Amino acid sequence: MSAKVLHGRRKGQERGGQMPIEIQNATLQLQSGADLRQVTVLSKTDWERIQRELNRRQIEEDRIRRITEEREEQRNRSKEVVKNWGNTIAGQRQRKLEARKIRERREEEERVKVDLEEAQYQAAQRREAIEKAKTQQYYQTDRVKAFHGALLLTEVLKEREAQLELKQLKERANEGKDQEWLEITRREYEEGIQKDHAKAAERISAARETADFQKAQVREHMIQAEKEQDDDCLEGRELKTLALQHQVEKERLENIRRDERKQMMMDNLQQQQDVIRMRDINQLQEEEEDEECRIFAAAKRKMMKLRAEKEKQIHREKQQRLEKIREKLGAQMKEKLDDEDVRIQRAEEEMEQKKVLEEAEKSKKVHKMIQESAEHRNKQMKELEEKKKYERREELEMVHLRKAADEIFQRNEEEKQRRKRNNASELKDFHEKQLNDRRLIESMIRQDQLALDKANIDLLDIEERQFQEYAGKVIDHCEKGGRNVYPLRKAAKQGAGGGAGPIFAGKGGIRPSFMACDKTGVQMPHYQRDSTNETKEIINANGNTKKRMGFVW
């Protein structure tokens with residue numbers, strides 16, 4: 001940039017002449033302190049050449065881009081010129097594609113038109129079907145069916161009148177032909193009688209032949225029956241013989257089977273007795289084993305007591321024997337010599353020694369048994385005390401457990417009562433909410449029912465107008481055709497229901513039926529007879545009144 005400035009200033013000096021010296025000195029010095037006289041000055045050509053060298057890549061890219069754009073523009077102009085030529089492949093393909101698009105567009109338009117026509121036709125068919133269904137449904141209502149029944153009755157009455165008129169015409173046309181018909185009938189009757197006689201003779205002859213043939217058949221059947229009877233008798237005798245043999249064989253087999261059953265029964269009884277005996281033996285063994293453990297202590301005490309009694313009895317018996325021996329020895333001592341006294345004394349001493357030894361042995365055994373019994377008794381007492389202590393501890397633990405269980409049960413009961421109160425409160429709120437909801441729903445249902453009743457009444461009014469319009473057209477057409485329209489007028493009177501009572505304006509204009517309260521249950525009439533006025537005079541004297549007797553006619 002400084003080179004450009006210097007170049008410009010130099011040209012200005014050349015155009016404007018010499019500048020002042022102070023200004024020259026000021027302009028020759030830059031702010032950075034560089035002297036302008038030391039700067040190289042370039043010409044425009046050099047500057048452009050330097051710029052071209054520096055921006056050669058950018059210039060080359062711009063040149064290539066311009067060439068590319070020019071080529072693309074020429075190509076586009078060539079395509080624009082060539083695309084309308086018809087003698088090229090591309091042009092022919094383009095025309096074919098355009099023609100195909102036009103053809104497809106026309107076909108699509110035709111399909112759309114056909115679809116539209118089909119949719120309109122289907123809509124018309126649906127409307128006709130709906131109208132037909134509505135008409136058929138309307139014709140299936142009770143009132144329209146009753147009206148059509150009345151129309152059919154009208155047609156029947158018209159046909160009946162036509163038939164009566166035709167009958168009268170036939171009677172007038174056949175007045176002179178009765179005699180001729182009578183003669184023809186008489187002649188046919190006589191011919192029929194003659195034919196019946198001939199047929200009767202033929203039947204009698206055929207019956208006679210049939211009787212003869214049947215008699216011959218009867219004789220043949222009797223002979224055949226006698227022969228069959230003889231054969232049956234012979235066969236019966238053979239069967240009787242075979243039956244007797246069969247009975248004998250059957251009795252023999254029955255005896256064999258009876259013996260086998262008797263033997264089998266005895267074996268079974270013996271086996272059952274053996275089983276019962278083994279069961280009793282096993283039961284006794286089990287009871288004995290149980291009793292041994294249970295009565296051991298009592299048996300031992302009883303045994304000790306019996307042993308003591310036995311020892312006392314033995315001692316008494318020994319004493320008795322000794323007394324007998326003494327008496328005997330005393331008697332012998334009187335009869336024997338003094339040496340015998342020595343022998344007796346020695347024998348007595350030996351017996352005394354033996355007795356002392358036996359007594360000592362016996363006392364030792366008794367002492368031993370008493371000691372064992374005392375030890376066993378002490379052991380049993382200790383075990384009983386231990387058992388009592390254990391049972392007491394168990395009872396105390398059970399009391400603590402029961403107390404804890406009672407406390408837990410009390411807390412559970414309190415919790416149950418609290419939950420029950422909460423549940424009752426929640427149930428009360430729920431019931432109140434249900435009651436309010438039910439009242440709201442009932443109110444809404446009542447409003448909906450009232451709206452539905454009003455809509456039904458409006459619909460009934462519309463149906464009544466449509467029916468009266470349809471009935472009026474049919475009645476007018478029948479009157480023009482000369483038919484009796486009384487049944488149609490009766491069926492077409494206002495008020496649905498088919499009854500004979502008055503019309504209920506607030507119930508859609510229906511006409512209900514009223515039945516008598518007696519067992520007949522017939523429909524009450526809609527008119528008043530003379531008896532009604534007489535009944536009114538009897539009840540209300542001669543006063544004019546419109547009060548009825550509870551009947552609605």
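How many aromatic pairs does the count come to?

Reply: This is a predicted model, in which local features need pLDDT of at least 70 and side-chain atom pairs count only at pLDDT 80 or more, while totals for chains, interfaces and linings use all residues. Residues are numbered from 1 along each chain as its sequence is written, and side-chain values use heavy atoms, with hydrogens and water left out.

The count comes to four aromatic pairs, where rings of Phe, Tyr and Trp (its six-membered ring) pair if their centres lie within 6.5 Å, with planes under 30 degrees apart called stacked, over 60 edge-to-face and the rest tilted. One of them joins Y138 and Y139 in a tilted arrangement, at 6.5 Å centre to centre and 45 degrees between the planes. Y138 is partly exposed at 23% relative accessibility, as is Y139 at 33%, since buried means under 20% relative accessible area, exposed over 50% and partly exposed in between (1.4 Å probe, protein chains only).

C478 is buried, with a relative accessible area of 3%, and, leaving aside residues up to four places away in sequence, C478 touches L151, R483, V485 and L488, contact meaning heavy atoms within 4.5 Å.
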